[in-house]
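Here are my notes for anyone opening this structure for the first time.

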Amino acid sequence: MIVLLSTIFNTISVFAENYPYRSDYLWTTVPNHADWLYKTGEKAKVEVGFYLYGMPQEIEVNYEIGPDMMPATTTGKVTLKNGRATIDMGTMKKPGFLDLRLTAQKGDKKYQHHVKVGFSPEQLKPYTKNPADFDTFWKATLEEARKTPVSVSCKYVDKYSTNETDCYLLKIKTDNRHSIYGYLTKPKDNKKHPVVLCPPGAGIKTIKEPMRNIFYAKNGFIRLEMEIHGLNPEMTDEQFKEITAAFDYENGYLTNGLDSRDNYYMKHVYVACVRAIDYLTSLPDWDGKNVFVQGGSQGGALSLITAGLDSRVTACVANHPALSDMAGYAEKGRTGGYPHFNRLNSMLTPAKIETMAYFDVVNFARRISCPVYLTWGYNDNVCPPTTSYIVWNLITAPKESLITPINEHWTTETTNYNQMIWLKEHQK
């Protein structure tokens, strides 16, 4: 089932949010198809409006049009009459997305905006190949990791516990070299409950807000929010700076060891997700049936990856998944997924592309058998809609989607809460 939310586009350009909080100005961009989708060969037109303090502005707007995440192929300018004008975006001969990027100047200030529309995206296919020994590789990898028993240190965290829920800080040893930290929250009762694993978004970071999703525990779930770098969330800011200084840059770990599938940094991360489920399913208050994964961006990728790796997962929720068709940029004019290796030197070599295939979401999506709920927006310039559609198109398991074209790289609190409700409805 696909649900489409139609409202005025007010998302981000490459440079800033489309609709900043408490801004004096407002862009409106309304495609002439209500769902912002077209068939290949159909022309897309967008009515553009610009308002300052709510008043329409008669100003000149410069625009450029290009494929999703690609350089512009068309440029032009239009003068708004009574604050409005219509721009013909043209069409695409192949499935994909076109991005209309807008700039207006009022006085000494520039205002930017963008809107993406899709052309037959249900036909999008991945660039990434499916390695013949993919399953053998991951089976052997998990078997090797499981030679090291899961060991857990557990500390009750009084400041995050309430009269309804308990919170524990865990350190979980996931293989012979690595450990991860996580906050476990659960109802304060003696009943059996489903377990939910929540992997993190991208970045070198600890868990800062373990109570943000406490509604899971309040609604009868045992939830583990994990990090992937072995960074204790109770460390001081100074300790955190000293440790993270060892990384090249914020997301440098995603390039670490990419020349070899055996040495790639994310190998132990994927293993850690499965070992975390090993731990969760050992809990005496697990209901013995329901194992869920849920996350967004890199966390959405890791949720889909875990569902593809581990048949114990009974349902998966993912928002705008990263790490999807990462090698797509190797084909000229083609969009690829986060972390956008085309922006770095020497990252799309044959050896690295070969490694990527073993770690790309698309090859785990092919293997998912549990129900999936996927959410993505069209104006996302972090995890572009092109790659989210590619993942969606590959999933053959029962699936539902909430497509929110207005969204950049975010979801609303209502969407997040409703995903918990969806998991509740999918309990066995």
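1. Let's begin with the pocket. Sorted by class, the lining of the largest pocket comes to 9 nonpolar, 15 polar and 8 charged residues. Keep in mind that you are looking at a predicted model. The lining is made up of 32 residues, and those nearest the pocket's centre are Gly201, Arg212, Asn213, Glu225 and Gly296. The space inside is about 700 Å³.

2. Which helices and strands each supply at least two residues of that lining? They are helix H2 (215-218), strand E15 (222-226), strand E16 (286-296) and helix H9 (413-425). Two of these, E16 and H9, come up again below.

3. Now for H9 itself. Its 13 residues should span 18 Å at 1.5 Å a residue, and the end C-alpha atoms are 19 Å apart, so the two values agree. Thr415, Asn416, Gln419, Met420, Trp422 and Leu423 are the buried residues of H9. They sit on the same side of the helix, because they cover an arc of only 155° around the axis.

4. What do the buried residues of H9 pack against? Their partners are H2, E16, E17, strand E18 (372-376) and strand E19 (399-403).

5. Helix H1 (residues 134-145) can be read in the same manner. From first C-alpha to last, this 12-residue helix reaches 17 Å, close to the 16 Å expected at 1.5 Å a residue. On the buried list for H1 are Phe134, Phe137, Trp138, Thr141, Leu142 and Ala145. They share one side of H1, since the arc they cover around the axis is only 120°.

6. That buried side of H1 packs against helices: H4 (266-280), H5 (298-309), H6 (350-359) and H7 (361-365). Thr136 and Lys139 are the exposed residues carried on the face turned away from it.

7. Back to E16, the strand that holds Val291. Is Val291 buried or exposed? With a relative accessibility of 1%, Val291 counts as buried, because the cut-off for buried is under 20%. Apart from neighbours within four places in sequence, Val291 is in contact with Val195, Ile277, Thr281, Trp286, Arg312, Val313, Thr314 and Ala315. Ile222 is 69 residues from Val291 in sequence, yet their C-alpha atoms are 9.8 Å apart in space.

8. His113 and Tyr19 are 94 residues apart in sequence, and 8.3 Å separates them in space, C-alpha to C-alpha.

9. Ala246 gives you an exposed residue to look at. You'll find Ala246 in the loop between helix H3 (237-244) and H4. Its relative accessible area is 67%, and since the cut-off for exposed is over 50%, Ala246 counts as exposed. Leu402 is 156 residues away along the chain, and the C-alpha atoms of Ala246 and Leu402 are separated by 39 Å.

10. Next, some backbone details. Trp36 is not a glycine, yet its phi is positive, near 60°. Trp36 lies in the loop between strand E2 (25-31) and strand E3 (37-38), and with a relative accessible area of 3% Trp36 is buried.

11. Asn82 also has a positive phi, of about 55°, although it is not a glycine. Where does Asn82 lie? Look in the loop between strand E7 (74-79) and strand E8 (84-90). Asn82 is exposed, with a relative accessible area of 53%, whereas Trp36 is buried.

12. Last, check the peptide bond from Tyr338 to Pro339, which is cis, with omega near 20°. Pro339 is in the loop between strand E17 (315-319) and H6.

Note on methods
Residues numbered from 1 in each chain as written. Predicted model: local features only at pLDDT ≥ 70, side-chain atom pairs only at ≥ 80, totals over all residues. Heavy atoms only, no water. Helix = DSSP H or I, 4+ residues; strand = E, 2+ residues; numbered from the N terminus. Expected span 1.5 Å × (residues − 1). Buried < 20%, exposed > 50% of the residue type's maximum accessible area, 1.4 Å probe, protein only. Arc of directions from axis to C-beta. Contact = heavy atoms within 4.5 Å. 1 Å grid on protein atoms, 1.4 Å probe; cavity = no way out; pocket = protein on both sides within 12 Å on 5 of 7 lines; lining within 4 Å. Points joined across faces, edges and corners; volume = space filled by probe spheres on them. Nonpolar A, V, L, I, M, F, W, Y, C, P; charged D, E, K, R; others polar.
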